[in-house]
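Here is a briefing on one protein chain. It covers the overall fold, the nonpolar cores, backbone angles and ring contacts.

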Amino acid sequence: FPVTIQVDDGFVSRFGGEINRDNFDIDMLVQQGENRDYRIIYKKNLTGLQITNDSPTVVNRIIPTFLNENNAAVLLPEIYIDSALISNTAIPHAKTIHYGDIKVSEEVDSVVLYPTTADAEVEVRARVAALYAAGVDLPLLTVEIGFIQLRNTLEYADYSALEIVQLGDTIGAVYGDYSWTSRVVSYDRDALLQKYNNIILGTVRPSASDMSAS
């Protein structure tokens, strides 16, 4: 049966690296893959193409809340924090995020992390800034590609080494006047037939909901 493998973006966003799993072996890498200078080209080995633009998921206005000393959710004095790219959309794309782990005067392991409201507000602003730095305010283009591996054909058997695609590799696709160069974030591979059914090029970014705490 085909098996789908995807990059785990949690390690990238939280620990500054990318995790590589191989059965029971787990490696922490600065970045998976390499630039193989490989192109998937229409009329040569490209058999299908699906492009997804996730503009509706862009978040460029965040309304964060945290807990005060009475365990009540409170807003920042400025209420919301806008991205520097707020003008890129006709209307703000707003999202409310509650940071339930940020609580004023709460003691955690004998340490008070946020003694004052000002301390908590600084942490909230830093987390929102990290979300924007990670790209939640940018639309991402995902390209799902179906292709034929030329190394499985007799004519191109000598070029088999050029078509070893791995997770995290930077490769390109060409369709008419359009071209993309991006990383492989997912692929669907048939383990029995030893061939790829499709690969997905794109950019992995943390979701605003995944990075909030409750």
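**Briefing: fold, cores and local features**

Contacts between residues 24 or more positions apart make up 65% of the contacts with a separation of 6 or more in the protein chain; contact means heavy atoms within 4.5 Å. This is a predicted model, in which local features need pLDDT of at least 70, side-chain atom pairs count only at pLDDT 80 or more, and totals for chains, interfaces and linings use all residues. Residues are numbered from 1 along each chain as its sequence is written, and side-chain values use heavy atoms, with hydrogens and water left out.

**Overall fold and surface**

- The protein chain has 15 strands and two helices. Both are DSSP runs numbered from the N terminus: helices are H or I with at least four residues, strands are E with at least two.
- Of the 214 residues in the protein chain, 34% are buried. Buried means under 20% relative accessible area, exposed over 50%, and partly exposed in between, with a 1.4 Å probe and protein chains only.
- The protein chain has an accessible surface of about 12900 Å². Carbon and sulfur atoms hold 53% of that surface. Areas come from the Shrake-Rupley method with a 1.4 Å probe; for residues, only the protein chains shown count as cover.

**Nonpolar cores**

- The largest nonpolar core has 16 residues. Such a core is a set of buried Ala, Val, Leu, Ile, Met, Phe, Trp, Tyr and Cys residues joined through side-chain atoms within 4.5 Å.
- I62, F66, Y99 and I102 have the most contacts inside this core.
- β6 (61–67), β9 (94–103) and α2 (117–134) each supply at least two of its residues. α2 gives the most, with five residues.
- Another core lies apart from it and has 11 residues, among them I145, L167, Y196 and I199.
- In soluble globular proteins, nonpolar side chains tend to be buried together.

**Positive phi**

- Most residues other than glycine have a negative phi.
- I79 has a positive phi, near 70°. I79 sits in the loop between β7 (73–75) and β8 (81–82). I79 is partly exposed, at 41% relative accessible area.
- S110 also has a positive phi, near 65°. S110 is in the loop between β10 (107–108) and β11 (111–112). S110 is exposed, at 65% relative accessibility.

**Ring contacts**

- The charged end of R61 sits over the ring of Y80, 4.0 Å from the ring centre. The rule asks for NZ of Lys or CZ of Arg within 6 Å of the ring centre and within 35 degrees of the ring normal.
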